[in-house]
Amino acid sequence: MTIHRRALLRAAGSAALLAGLPAAARSAAAQQQGLALGPAAPFSYEALVARAQAMAAQPYRPPYRPAPEVVQAIDYGAHGKIRFKTDLAPFADDSGAYPVTFFHLGRYFGDSVRMYLVGADGAREIQYRPEYFDMPADSPARTLPADSGFAGFRLQERHGRADWRTQDWVAFLGASYFRAIGALGQYGLSARGVAVDIFAPGKPEEFPIFTQVFIAEAPDPARPAVVCALLDGPSISGAYRFTLHRTEGVVMEVEASLFLRQAVARLGLAPLTSMFWYGEYGRGRMLDWRPEVHDSDGLAIWTAAGERIWRPLNNPRAITVSSFGGDSPRGFGLLQRDRSFDHYQDGVFYDRRPSLWVEPLASLGRGAIQLVEIPTDDEIHDNIVAFWVPEGQAAAGDRHDLQYRLHWLADEPYPDTGIARTIATRMGRGGEPGKPRPPGVFKIVVEFDNPAVMRRIPFGVFPEVVATASRGTVQRPFSEPVPNGNVWRATFDLAVDGSDPVELRMFLRLDGKSLTETWLYQFHPEPPPA
């Protein structure tokens with residue numbers, strides 16, 4: 001599965017959904033000037049869950065796709081010229097609320113999503129009208145039927161900004177995908193509601209979609225925005241409640257109930273999707289002019305036992321699925337650790353892309369974090385997916401209730417300050433300078449940083465490099481400080497025959513205690529470029 005990147009907490013009932021909203025703000029949802037709203041209908045999250053459960057007991061009905069031939073004509077360029085009129089944005093006149101704007105249908109977003117505003121009297125559907133959008137006179141979108149609906153929505157920035165129309169901080173668009181800006185003000189990787197059969201043997205991947213979205217706005221940035229959504233797909237249906245906090249970055253509490261209509265070979269919960277083309281390793285000569293290109297550079301795991309793991313990402317030659325099994329983790333995420341602009345040299349600011357951390361608020365039980373890495377030859381494709389897979393068969397009739405928190409920040413939210421962490425992974429030819437380079441030997445170099453930890457190493461003492469390989473042999477391991485700083489470098493050679501992947505594991509140890517997180521890597525032996 002590749003996604004074209006450019007084409008692009010607890011409460012009871014509606015009283016909880018609207019908690020804290022004054023009467024004037026609650027009634028505003030049903031009185032949006034310039035928008036056509038349907039009649040009010042009762043709404044509660046519990047009713048949404050019951051509806052999703054009932055849907056899973058019925059045969060699947062595909063989502064409405066209005067005038068497919070017209071939508072197909074709204075290509076990337078045409079879609080970019082269609083803009084929602086911000087003067088019509090719900091809550092635009094409320095100085096405290098976050099205004100809501102909407103995405104139009106297009107070639108890459110052809111499924112109609114029904115949007116609702118939730119007020120004191122219930123939920124009212126926003127009825128699609130082409131006049132809600134600025135578009136060229138010859139835009140094919142003008143010929144769509146009146147019941148076309150929308151592709152998604154976004155929440156515009158507020159924080160007292162006069163230019164809120166030019167900046168959004170959360171966007172839901174395409175299937176069950178959504179994303180948020182991080183602490184550095186940039187979009188990057190995405191999350192989604194669920195992942196179904198990503199490269200499962202003998203089964204095509206499914207893309208369930210949020211078919212209906214219910215939006216209630218908070219009256220001021222001190223209170224979160226609340227969004228509920230109904231999900232449906234061939235094998236699964238579900239209900240979601242998102243509590244969205246605009247903090248230093250964005251923090252989301254996610255509550256979901258999922259119901260399987262039929263068996264699923266690989267059920268991915270709390271999935272994250274990102275892009276990794278190449279980093280300081282894995283870049284071929286003349287591949288691209290930039291030193292590195294990626295939205296995320298590693299998978300971080302905080303295990304149930306408390307171990308901290310860092311797994312650098314790969315752009316493999318073939319689709320690869322890695323699994324990290326055990327009890328419910330304390331957290332995991334796809335992170336962008338490299339924050340140096342000089343390492344990217346790109347005006348799209350890869351150095352500012354958010355890290356995304358999943359914090360379970362209720363135990364996930366036993367299972368595995370799975371990492372899917374997909375070959376790519378460009379940065380326009382999301383080729384990295386990480387998610388939780390429950391242990392056992394995912395059978396028809398199963399129910400999964402989830403509570404977790406998503407942190408869209410510059411770093412992981414709960415770092416372990418007592419250990420050093422990986423800041424670079426490097427690879428090259430093995431052997432020693434000035435001597436013939438032996439075939440089938442590769443040099444692995446990993447750098448760790450945390451001044452408070454590294455300064456504890458006595459002068460003249462070199463921590464032990466504890467390195468193992470699933471096959472082949474580890475040779476000449478040693479550690480050394482990097483000049484002009486507190487960074488330490490672990491180096492070893494890997495001697496291995498054949499081209500099958502090698503699972504590597506390494507950390508630095510001093511006086512019987514770990515100095516660093518555990519570095520894991522799936523190494524694909526290939527001759528280095530001449």
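Reply: The lining of the second largest pocket divides into 15 nonpolar, eight polar and eight charged residues. Here Ala, Val, Leu, Ile, Met, Phe, Trp, Tyr, Cys and Pro count as nonpolar, Asp, Glu, Lys and Arg as charged, and the others, Gly among them, as polar. The model is predicted: local features need pLDDT of at least 70, and side-chain atom pairs count only at pLDDT 80 or more, while totals for chains, interfaces and linings use all residues. Residues are numbered from 1 along each chain as its sequence is written, and side-chain values use heavy atoms, with hydrogens and water left out.

The second largest pocket has a volume of about 900 Å³. Of the 31 residues that line this pocket, Tyr281, Gly282, Arg283, Gly284 and Glu526 are the closest to its centre. A pocket is an open set of points on a 1 Å grid over the protein atoms alone, where a 1.4 Å probe fits, with protein on both sides within 12 Å along at least five of seven lines; lining residues have an atom within 4 Å of a point. Points are joined across faces, edges and corners, and the volume is the space filled by probe spheres set on them.

At least two lining residues each come from β17 (276–278), β28, β29 (441–449) and β35 (518–523). Strands are DSSP runs (E, at least two residues), numbered from the N terminus. The most is given by β28, with four residues. The strand β28 (421–429) also gives two or more residues to the lining of the largest cavity.
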